[in-house]
Amino acid sequence: MATVTPLPAEALFIQSEGWTIHTASEIGSTNSASAQLPPWHAVRARVQTDGRGRTNRMWISDEGGLWLSAVVPCPGNRSKWSILPLAAGWAIIGALKELGARDLRLRWPNDIMVGRRKLAGLLVERFNNQTAVVGIGLNVFNFPEEEEPALLGATARLADLVPGCYTLDDLARIILRSIGRAHALIRDDEFRLIADELNLGWASPRLVSITLTGRAQTFAGLFEGIDEQGRLRLTTERQGRCTYDAAQVALLRELE
Ligand code: BT5
């Protein structure tokens, strides 16, 4: 289980369209700082000192990027909400398109890519049965490769895609609004609308390699989008057509 840390005492907050957004200068991880907040609260940090990705990979969170975590209610059956990471990716792509960004795509399950460069990553965590924390890391005006040279050539920045006079506060508000819409679709059992739209973007099968959680070996297959429960559809030479949920897949690499 990921660590839970309190929100820094100096965090300031504003209200925006049903959200309470807490902002602090420096936070370890905005996801950890959101763990005990009620639904419709969000936390934003200027920098994160311990930003994390999936399976505890490191997330570089230098000044100028949007490091934001949003707490949403998840009533009822836990499995109903397992599609939240995909829906959040869809929501963020929608929000960035509204702003004028083009040629964005979702790399399953939740990387937002421009070609082969990563613009944003998402980390959805459940710290209790009532809520989920949707963590969003979006490169905007920052230069993550200056902090981590291994990222050279592998990242994209919103400022290069959409020049304009938006602030990180504006972006936080637009993205939170869009997350609220995606949340309502899941709540109302309308996820298939999101799945259909995502599958349009994945219409051409793509060769990928997969490492399953807890297994050492990697195998190749054709990624063919998601089913109505958000599970990855894969065709492999040995097993034919199979499906995997996000928790079963430790790593997906695109081979073309
Ligand atoms: C992710 O993990 O992509 C999820 C990232 C979620 C970050 C947000 S920020 C707000 C909230 N608070 C947190 O602590 N986390 C969330 P994953 O798919 O595991 O990708 C991690 C990999 O992305 C790393 O191993 C690097 O290769 C790469 N990476 C790290 N920092 C990056 C950056 N700023 N831009 C692009 N790629 C990066």
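Hi everyone. Before we look around, one term: a residue is called buried when its relative accessible area is under 20%. Please also keep in mind that this is a predicted model.

Let's start with helix α2. This helix runs over residues 84–98, 15 residues in total, and spans 21 Å from its first C-alpha to its last, close to the 21 Å expected at 1.5 Å a residue. After the helix comes Gly-100, which has a positive phi, near 115 degrees.

Now to the ligand. There are 26 residues around the ligand, and the ones that come nearest are Ser-29, Arg-52, Arg-57, Lys-118 and Asn-139. Which elements supply at least two residues each of that shell? They are α1 (30–34), β4 (66–73), β7 (117–125) and β8 (131–138). Strand β7 gives the largest share, with 4 residues.

Here are some contacts to look for. The side chain of Ser-29 has an N or O atom 2.7 Å from an oxygen atom of the ligand. In Gln-48, a polar side-chain atom sits 2.9 Å from a ligand nitrogen atom. With Arg-52, the backbone takes part: one of its polar backbone atoms is 2.8 Å from a nitrogen atom of the ligand. Taken alone, the ligand would expose 790 Å², and the protein buries 90% of that.

Last stop, the surface. Leu-207, Leu-222 and Leu-255 make a nonpolar patch of about 220 Å². Leu-207 belongs to strand β9, residues 206–212, and is partly exposed, with a relative accessible area of 33%.

Note on methods: Residues are numbered from 1 along each chain as its sequence is written. This is a predicted model: local features need pLDDT of at least 70, side-chain atom pairs count only at pLDDT 80 or more; totals for chains, interfaces and linings use all residues. Side-chain values use heavy atoms; hydrogens and water are left out. Patches are made of residues with over 30% relative accessible area and no salt bridge: like charges are joined within 9 Å, nonpolar side chains (Val, Leu, Ile, Met, Phe, Trp, Tyr) within 5 Å. Accessible areas come from the Shrake-Rupley method with a 1.4 Å probe; for residues, only the protein chains shown count as cover. A salt bridge is a side-chain nitrogen of Lys or Arg within 4 Å of a carboxyl oxygen of Asp or Glu. Buried means under 20% relative accessible area, exposed over 50%, partly exposed in between (1.4 Å probe, protein chains only). The expected span of a helix is 1.5 Å times one less than its number of residues. A residue is near a molecule or strand if one of its heavy atoms lies within 4 Å of it. A polar contact is a pair of N or O atoms within 3.5 Å; within protein, one must be able to donate a hydrogen and the other to accept it, and residues adjacent in sequence count only if both atoms are side-chain atoms.
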